Amino acid sequence: MEQRPVTLPVEQGSLVHDVPKVELLEPDAFETLITDKDVFVLQTHLPYEGEIEGTDLILEDWEHVNLYQDRLPADKNSKIAVYCRSGRMSADAAQQLLALGYTNVYDLKGGMIAWKESGRMIVEQ
């Protein structure tokens, strides 16, 4: 017997529409976002291979974002911009931020590789 996907009706205004999602941004949009001083910028790549100017925190354990709650914004509605070298680690960290209750999470599509390929600089501290 063939199985068919089940489609459930979704009412307008239901929780399904209110679930926060990570917004994946191209380098141009990511740069525009992080020029806002109120945006918290988070680098998640290990080993350290540089960072984008203005990075607020480098996670040394990107698989356990919850260990850094005391260094993340207290306001769960704060905008958090996340990136890594290629996008894999930051995608995972971004999902962890959502699970911690953050509602405005943005991820740099293609990470520092895409950032450099777009002509932007990576700095080393």
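## Getting your bearings

How many helices and strands does the chain have? There are four helices and five strands, and keep in mind that you are looking at a predicted model. If you walk along the sequence, the elements come in the pattern α-β-α-β-β-β-α-β-α.

Now for the chain as a whole. It has 125 residues, and 39% of them are buried. The chain exposes about 8,100 Å², with carbon and sulfur atoms supplying 50% of that area. Take the contacts between residues with a separation of 6 or more: 70% of them are made by residues 24 or more positions apart.

## The sheet

S5 runs parallel to strand S1 (residues 23-25), and three bridges join the two. Here Leu25 stands opposite Leu108 of S5.

S5 also pairs with S4, again in the parallel sense, over four bridges. Lys79 has Asn104 in S5 as its bridge partner, while Val82 has Asp107 in S5. S4 and S5 also belong to a right-handed β-α-β unit, together with H3.

Which elements give two or more residues to the largest nonpolar core? That core has 15 residues, and the ones with the most contacts inside it are Leu42, Leu57, Leu72, Ile80, Val82, Leu97 and Val105. The elements giving two or more residues are strand S2 (40-43), strand S4 (79-83) and helix H3 (88-99). H3 supplies the largest share, with four residues.

Leaving out residues up to four places away in sequence, Ile80 touches Phe40, Leu42, Pro73, Leu97, Tyr102, Asn104, Val105 and Tyr106. Apart from this core lies another one, with 14 residues, including Leu25, Val39, Ile52 and Leu108.

## Thr44 and His45 in one loop

Next, have a look at two loop residues. Thr44 is in the loop between S2 and S3, and His45 also has its place between S2 and strand S3 (57-58). Is Thr44 buried or exposed? Its relative accessibility is 0%, so Thr44 counts as buried. Not counting residues up to four places away in sequence, Thr44 touches Leu59, Trp62, Val82, Tyr83, Cys84, Met89, Ser90 and Ala93. Thr44 and Leu59 are 15 residues apart along the chain, yet their C-alpha atoms are separated by 5.1 Å.

Beyond residues up to four places away in sequence, His45 touches Tyr83, Cys84, Arg85, Met89 and Met112. Its side chain also has a polar atom 3.4 Å from the backbone oxygen of Pro47.

One more loop residue to check out: Ser78, which sits in the loop between S3 and S4. Ser78 has a relative accessible area of 16%, and that makes it buried because the cut-off is under 20%.

What does Ser78 touch, not counting residues up to four places away in sequence? The answer is Pro73 and Asn104. Asn104 has already turned up in this tour, as the bridge partner of Lys79 and as a contact of Ile80. Ser78 also has a polar side-chain atom that lies 2.9 Å from the backbone oxygen of Asp75.

Note on methods. Residues numbered from 1 in each chain as written. Predicted model: local features only at pLDDT ≥ 70, side-chain atom pairs only at ≥ 80, totals over all residues. Heavy atoms only, no water. Core = buried A, V, L, I, M, F, W, Y, C linked by side-chain atoms within 4.5 Å. Buried < 20%, exposed > 50% of the residue type's maximum accessible area, 1.4 Å probe, protein only. Contact = heavy atoms within 4.5 Å. Areas by Shrake-Rupley, 256 points an atom, 1.4 Å probe, with all protein chains shown as cover. Polar contact = N/O pair within 3.5 Å; in protein donor to acceptor, adjacent residues only side chain to side chain. Pairing = 2+ DSSP bridges. Right-handed = clockwise from strand over helix to strand, strands pointing away.
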